[in-house]
Amino acid sequence: MNEIVASPTIAQARAAGPRFGERMLSAGARCAIPVYVLLALGFLAPLFAVVAYSFATPRGFDVFRTFTLENYRQILDPANTVWMSFAWSLGLALLTVAILTLVAYPIAYGLARLFGRSAGLVSVLFVFPLFVSENIRLYGWVLFFIKGGVLDGTLKAMGLPGAPEFLFTPAATLFGMVYVYLPFMLFPMVLGLSMVPRDLIDAARDMGAGRLQIWHEVELPLAMPGILIGMLLTFVLAVGAVAESKVLGGQSVIVITQDIEIAFTYAQNWPFGSALAVILTLIVGVLTVLGIGRLDLDRILGRRS
Amino acid sequence: MSLSPEARAERRSARFIALWTGFVVLAIYTPILCGFVASVNKGRYFRFPLAKTSMEWWQKTFDSIEIGMLVRTSLAMAGLVTVIAVVIAFFGALAYARYDWKGRRLYQKLVLLPIFFPQPVLGLALLLWFNALGMQMSWQTAVFAHLVWIVPVVTLVMAIQMYSFDAALEEAAFDLGASRLQVLREVTLPILWPGIWSGALFAFLLSWGNFPLSLYTTGPDTSVPEWLYAKMVAGYTPMVPALGSMATIAAAAVLLGMGLLARALRKRPAQ
């Protein structure tokens, strides 16, 4: 493990001419200031505002002046069906992770091991959709699956009975989530698989290990950090996903983010929406902190030491 | 030459992986192609196979003043996001990968938090926060919202490249008597340009295509993805897939252009 060693560069830079503030903070810490300021104002403060709002009087806007647990009580009230939205979101996210693990693993393996020089191009093909707004891509699937659309029309032109009803079902929502979050599973997996030294696999083979044994005892454990980041990232993003259920799912299921959105917009009940958002944030936050808390990011991102 | 069963199995799995990858790539681009097909439909309503094709909707989209304004708003946002994100993330990446300092391990994890957070919820939280501050929403507030998510991504993109940076080069320059500014200008930046460019590319394209953050934070201003969404929900015309295809082609052109530029620069002999 590379521990904290004062770089000789920094020491020399200091010797060259100490300036204001350099004695207080190291060069690295000073470079981190702009990012920290942005995160404080744009991430921490908004979340704090949400927490504050969640304790305000329902349907009111008198934040910071009132304190009540009424919003949380409403969520826990068995008469309220909002728990179903949580269940749908969590269930769909779990399924998305399970399916994507299977879908992405062979591709990640190919990118890390087999594709060689064309791996760069294949990676670009998988990155590019991230630059196209997800609603454009999801709407493309609507055009594909809809009655009289690309799939249906093609099948009928071939003399077949046409496409089954798929659009505007929970399965279509799941399909959309698998589609949108593929890159978020794929690239951490590639990073993970790239961490497995080739020599080690060769050595295992020379000592007589079978393919399955190598995979199970060498490759998988060493690639696990990357795979786990991929699963975690996909899960937390899918739990908060909303476009898929609106565009492809036709709101056949209401996911939790849509409930939050409704509370913030049509219902104009910001405190209730905030309380829902706090619970969602807690789920996401606890998982994330547990998941990335013990990671050695230098190793995963490829630091040479 | 006969292969061992092991080698044959390996070859079989390699073929399966190549086929599977090809299939998934095809699936990824299917909806984008469907959008393109729908945009060249002559009639207003989409039926496949198309009865008649025409570029009429592309022309209409191109000539529309309303869409011109959307594009300008989206471009202004993406441009501003790129400039600010590259500057902040450049220093962010130095702190991430270049320097060893006391708080680095924690910092590396904190930077990831906005990436590990559902964007629609972040957008709503920012809406609430701007409101609590009494700010009016506009495309500028959306720029700030984009930065919260894009700066961490760009920091990572740049950091990955910076890991391969050899600190000895900087040291040598200091030893030869260069000042800090000189070292930055003549040693550090030239080596880091590729990372900076890819960071800028990510910043621009991610902002250009962002929908969930823009939705809640642009106020009365409208970006291209927002307009598309509004029309998908109510009031479909083939202008929706036409503008979607244009946005996709524009993103691809930027990516391709940058890729070619990078290749040309790499081939040029070092000065």
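**Entry 1: the contact between chains.** I began with the contact, which takes 82 residues from chain B and 83 residues from chain A. On the side of chain B that touches chain A, helix α1 (residues 5–39) of chain B gives the most, with 17 residues. I then sorted that side of chain B by class and got 61 nonpolar, twelve polar and nine charged residues. A reminder to myself: this is a predicted model.

**Entry 2: α4(A) against α1(B).** Helix α4 (residues 82–114) of chain A has an axis that comes within 9 Å of the axis of α1(B), and the two cross at roughly 115 degrees. That angle makes α4(A) roughly perpendicular to α1(B). The crossing of α4(A) past α1(B) is left-handed. From α4(A), I noted V103(A), P106(A), I107(A), Y109(A), G110(A) and L114(A) in the contact, and from α1(B), A14(B), I17(B), A18(B), W20(B), T21(B) and V24(B). By class, these residues come out as ten nonpolar, two polar and no charged.

**Entry 3: α13(A) against α5(B).** Next I went to another pair across the chains. At what angle do the axes of α13(A) and helix α5 (residues 119–132) of chain B cross? I found roughly 135 degrees, with the axes coming within 11 Å. The two helices are therefore oblique to each other. Here too I wrote down the hand: α13(A) passes α5(B) in a left-handed crossing. W270(A), S274(A), A277(A), L280(A) and T281(A) are the residues of α13(A) that meet α5(B), where their partners are V121(B), L124(B), A125(B) and L128(B). This contact of α13(A) with α5(B) has seven nonpolar residues, two polar and no charged.

**Entry 4: V278(A).** I stayed on helix α13 (residues 270–293) of chain A to look at V278(A), which has its place there. Is V278(A) buried or exposed? I counted 20 other C-beta atoms within 10 Å of V278(A), so this valine is buried. Leaving out residues up to four places away in sequence, V278(A) touches V50(A), V51(A) and S54(A). I also took a distance to L186(A): from V278(A), L186(A) is 92 residues away in sequence and 29 Å away in space, C-alpha to C-alpha.

**Entry 5: the nonpolar core.** Leaving out residues up to four places away in sequence, A108(A) touches L186(A), M189(A), V190(A) and L193(A). Which residues touch the most other members of the largest nonpolar core? They are A108(A), A125(B) and V154(B), in a core of 167 residues.

**Entry 6: α8(A) against α10(A).** Two of the partners of A108(A), M189(A) and L193(A), are also among the residues of α8(A) that meet α10(A), and I looked at that pair within chain A. The axes of α8(A) and helix α10 (residues 211–239) of chain A are 7 Å apart, and the helices pack at an angle of about 160 degrees. That makes α8(A) roughly antiparallel to α10(A). α8(A) passes α10(A) in a right-handed crossing. On the side of α10(A), the residues include A223(A), M224(A), P225(A), G226(A) and I227(A).

**Entry 7: loops and backbone.** In chain B, the peptide bond from F48(B) to P49(B) is cis, with omega near -5 degrees. P49(B) sits in the loop between α1 and α2 (56–63) of chain B.

In chain A, F168(A) is not a glycine, yet has a positive phi of about 65 degrees. I found F168(A) in the loop between α7 (150–157) and α8 (170–194). With 18 other C-beta atoms within 10 Å, F168(A) is partly exposed.

Q268(A) also has a positive phi, near 50 degrees, without being a glycine. Q268(A) lies in the loop between α12 (256–264) and α13 of chain A. I counted 12 other C-beta atoms within 10 Å of Q268(A), so this residue is exposed.

My last stop was K147(A), in the loop between α6 (134–145) and α7 of chain A. K147(A) is exposed, with 12 other C-beta atoms within 10 Å. From K147(A) to M231(A) I get 34 Å in space, C-alpha to C-alpha, and 84 residues in sequence.

Key. Residues are numbered from 1 along each chain as its sequence is written. Chains are lettered from A and ligands numbered from 1 in the order in which they are written. This is a predicted model: local features need pLDDT of at least 70, side-chain atom pairs count only at pLDDT 80 or more; totals for chains, interfaces and linings use all residues. Two residues are in contact if their C-beta atoms, placed from the backbone, lie within 7 Å. Helices (H or I, at least four residues) and strands (E, at least two) are DSSP runs, numbered from the N terminus. Ala, Val, Leu, Ile, Met, Phe, Trp, Tyr, Cys and Pro count as nonpolar, Asp, Glu, Lys and Arg as charged, and the others, Gly among them, as polar. A nonpolar core is a set of buried Ala, Val, Leu, Ile, Met, Phe, Trp, Tyr and Cys residues joined through C-beta atoms within 7 Å. Axes are lines fitted to C-alpha atoms, for helices over the stretch in contact, and angles run from 0 to 180 degrees between N-to-C directions. Angles under 35 degrees count as roughly parallel, over 145 as roughly antiparallel, 65 to 115 as roughly perpendicular and the rest as oblique. A crossing is left-handed if the near helix is turned anticlockwise from the far one by less than a right angle, and right-handed if clockwise.
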